[in-house]
Structures are given as C-alpha cells and as structure tokens.
Amino acid sequence: MNKVNVDLKLGLNKFFVDESNAHIELTDKINEKEFKKLEFACPAGLYKKDESGFHFDYAGCLECGTCRILCKDTIIKKWEYPVGTLGVEYRNG
Ligand code: SF4
C-alpha cells in the first residue's frame with residue numbers, strides 16, 4: 001500500500017492571500033483550552049503556542065471550517081471565506 005505524504009500534498013496548493021483583510025480573526029483574550037483544540041485540529045497547523053504566546057496566521061488556511069465549528073462561540077471572532085478569487089487554490093499533483 002502506498003503511503004500519502006500530507007505535507008507534500010499540501011505543498012502543491014497555491015495561496016492568494018488578502019493582506020488587507022484577514023478572513024479569520026481571533027478574540028483579543030485567548031482561552032488556552034480552546035486554543036489547544038485548534039492546535040490539534042487545524043489541518044494546516046496554523047495555530048501555535050510557544051513561550052512568547054499564541055500565534056495564528058491565516059495565510060496558509062485551507063478554508064476547511066474546522067476552527068469555525070470548534071470555536072466560533074469562544075475564540076474565533078471572525079470567520080469568512082476570502083473574497084473573490086483570493087484564498088487557497090487546490091492542486092492535485
Ligand atoms: S479553516 Fe481549517 S485550515 Fe483554516 S485556520 Fe481553520 S482549521 Fe485551519
């Protein structure tokens with residue numbers, strides 16, 4: 001059986017980032033327990049925590065909606081699809 005390398009597959013995608021309008025925003029005050037859910041669940045690994053604090057970058061978002069479902073009532077302040085033709089463009093290599 002062939003193994004699939006998810007990182008390689010995701011690396012094929014193209015991202016057209018809207019630098020002036022984040023399509024996902026977090027609340028100013030972050031609940032650590034809620035953030036931890038997103039660290040584990042985001043397939044793109046965009047939620048990270050280290051000694052300097054909580055980090056999130058919407059630029060590599062796959063628009064899967066997982067974070068919205070898990071935390072829309074807690075630490076996700078805004079979740080929208082990117083406008084127009086911006087956002088992820090999936091490529092199958
Ligand atoms: S929509 Fe999906 S890929 Fe984008 S930040 Fe949320 S969990 Fe991660």
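**Group meeting: buried residues and the ligand site**

Of the 93 residues in this protein, 31% count as buried. Buried means under 20% relative accessible area, exposed means over 50%, and partly exposed is in between, with a 1.4 Å probe and protein chains only. A word on the source: this is a predicted model, local features need pLDDT of at least 70, side-chain atom pairs count only at pLDDT 80 or more, and totals for chains, interfaces and linings use all residues. Residues are numbered from 1 along each chain as its sequence is written, and side-chain values use heavy atoms, with hydrogens and water left out.

Start with the fold. The protein has three helices and six strands. Helices (H or I, at least four residues) and strands (E, at least two) are DSSP runs, numbered from the N terminus. Along the sequence the pattern reads α-β-β-α-β-β-α-β-β. The C-alpha atoms fill a box of roughly 40 × 35 × 25 Å, taken along the principal axes. Now contacts, meaning heavy atoms within 4.5 Å. Among contacts with a separation of 6 or more, 70% come from residues 24 or more positions apart.

Next, the ligand. There are 14 residues around the ligand, and Cys42, Cys61, Leu62, Cys64 and Cys67 come nearest. A residue is near a molecule or strand if one of its heavy atoms lies within 4 Å of it. The shell divides into eleven nonpolar residues, two polar and one charged.

Now single residues. Take tyrosine 47, in strand S3, residues 47–50. Buried or exposed? Tyrosine 47 counts as buried, because its relative accessibility is 3%. Leaving aside neighbours within four places in sequence, tyrosine 47 has contacts including Phe35, Leu38, Cys42, Cys67 and Ile76. Tyrosine 47 and asparagine 2 are 45 residues apart in sequence and 29 Å apart in space, C-alpha to C-alpha.

Isoleucine 76 is next, in strand S5, residues 76–79. Its relative accessible area is 5%, so isoleucine 76 is buried. Again leaving aside neighbours within four places, isoleucine 76 is in contact with Ile24, Glu25, Leu26, Leu38, Tyr47, Cys67 and Cys71. Isoleucine 30 is 46 residues away along the chain, and the two C-alpha atoms are separated by 9.3 Å.

Glutamate 34 lies in helix H2, residues 32–41. Glutamate 34 counts as buried because its relative accessibility is 11%. Which side chain does the side chain of glutamate 34 make a polar contact with? That of threonine 74, at 2.9 Å. A polar contact is a pair of N or O atoms within 3.5 Å; within protein, one must be able to donate a hydrogen and the other to accept it, and residues adjacent in sequence count only if both atoms are side-chain atoms. Beyond four places in sequence, glutamate 34 is in contact with Leu70, Cys71, Thr74 and Ile75.

Aspartate 18 sits in the loop between strand S1 (14–16) and strand S2 (24–26). With a relative accessible area of 13%, aspartate 18 is buried. A 3.0 Å polar contact joins its side chain to that of serine 20. The aspartate 18 side chain also reaches the backbone nitrogen of asparagine 21 at 3.3 Å. Beyond four places, aspartate 18 is in contact with Tyr58, Val83 and Leu86.

Last, glutamate 63. Glutamate 63 is in the loop between strand S4 (53–56) and helix H3 (66–71). Glutamate 63 is buried, with a relative accessible area of 19%. Its phi is positive, about 60 degrees, although glutamate 63 is not a glycine.

Notes: Nonpolar A, V, L, I, M, F, W, Y, C, P; charged D, E, K, R; others polar.
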